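Morning, everyone. I have one structure to go through today, and I will keep it short.

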Amino acid sequence: MQTSANPSLSKSNVQKITPKQPVRVRRPSREEALEAVRTLIRWAGDDPDREGLLGTPDRVVRSYQEFFSGYDDDPVALLQRTFEETDGYDEIVLLKDIRFESHCEHHIAPIIGKVHIAYLPSNRVVGISKLARLVEVYAKRLQIQEKMTAQIANTLDEVLQPKGVAVVIEAAHQCMTTRGVHKPGVAMVTSRMLGVFRTDPLSRREVLSMIGTPAAGSTQNV
Ligand SMILES: [Zn+2]
C-alpha cells in the first residue's frame, strides 16, 4: 500500500457538493398528499373513485414514507460511533455490493444498483452496518447518482478523516429503461475518490482492483 501522496493536497480541490441535511420544507398534510395522488390518477386518465383504485392513494402515500425516509435521518450522527482500537490496521477497508433503491429527482423513477465503499483508515474505523445505513440515508431521498456518490464519500471523509475514500456506484435508471430512450440493460457507473485514492495512482489502482467493477477504467468521476 503506497501512501506517500499528500492527502491534504486533494482536499483543497474537492468541492463539497451539498449540505448533509436537505433544505427543510413545509410538509403537506396527509390529506393533501392523498388528494395529490388522486389528481395524478385522473391525469393518467383513470377514475380514482372506481373500486380498484380506492385504496391506492393511501398505499402510494405510505410507499412515499418508505421511499423517502432518508430525509429524517442525519448521516453525520449515524457515523459518530467509531472504533479506535484497530491494532494498527492500516490497509483498505472495503464493503462491496451494498444494494440500494433510490429515486431519480428528475422523474421520481427508481434507480436500483449497488454501492462499493472503501476507505483507508488513519486511526478510526466504523462498524460495517453503519456504512450500509449511510447508503440508505442518501438513497432514500430524491437523488441523482452523481450527487449520491459524492455525498457518501464526502460524509465518510469528514467524519472518519481517513487517508482515503473511494465510492463507486453502479446502477440502472428506470427513467431510461421504461420511458424516454427505452434502453434496458444500461448501467451507469460513478465514482468519487478522495485523499490518496485521488492523488496516488497506485492506491487508486489497488482499490479499483479490489472493487473489481468491470467499468472501473471508464467510470465517471464526480
Ligand atoms: Zn430520471
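This is a predicted model: local features need pLDDT of at least 70, side-chain atom pairs count only at pLDDT 80 or more; totals for chains, interfaces and linings use all residues.

**Helix α6 and a helix pair**

Start with helix α6, residues 145-160.

Is α6 mostly covered or mostly open? Mostly covered: 13 of the 16 residues in α6 are buried.

Now the chain as a whole. The protein chain has nine helices and eight strands. It runs to 222 residues, and 32% of them count as buried. As for contacts, take those between residues at least 6 apart in sequence: 75% of them join residues at least 24 apart.

Last item, a helix pair. Helix α2 covers residues 30-44 and helix α3 covers residues 56-67. Their axes are 9 Å apart, and the two helices pack at an angle of about 115°. The crossing of α2 past α3 is right-handed.

Which residues meet there? From α2 we have R30, A33, L34, V37, R38 and I41. On the α3 side they meet T56, P57, D58, V60 and V61. By type, the residues of this contact of α2 with α3 split into seven nonpolar, one polar and three charged.

To put the two parts side by side: α6 has 13 of its 16 residues buried, and α2 and α3 pack at about 115°. That is what I have.

Technical notes: Residues are numbered from 1 along each chain as its sequence is written. A residue is buried if 20 or more other C-beta atoms lie within 10 Å of its own, exposed if 12 or fewer, and partly exposed in between; C-beta atoms are placed from the backbone. Helices (H or I, at least four residues) and strands (E, at least two) are DSSP runs, numbered from the N terminus. Two residues are in contact if their C-beta atoms, placed from the backbone, lie within 7 Å. Axes are lines fitted to C-alpha atoms, for helices over the stretch in contact, and angles run from 0 to 180 degrees between N-to-C directions. A crossing is left-handed if the near helix is turned anticlockwise from the far one by less than a right angle, and right-handed if clockwise. Ala, Val, Leu, Ile, Met, Phe, Trp, Tyr, Cys and Pro count as nonpolar, Asp, Glu, Lys and Arg as charged, and the others, Gly among them, as polar.
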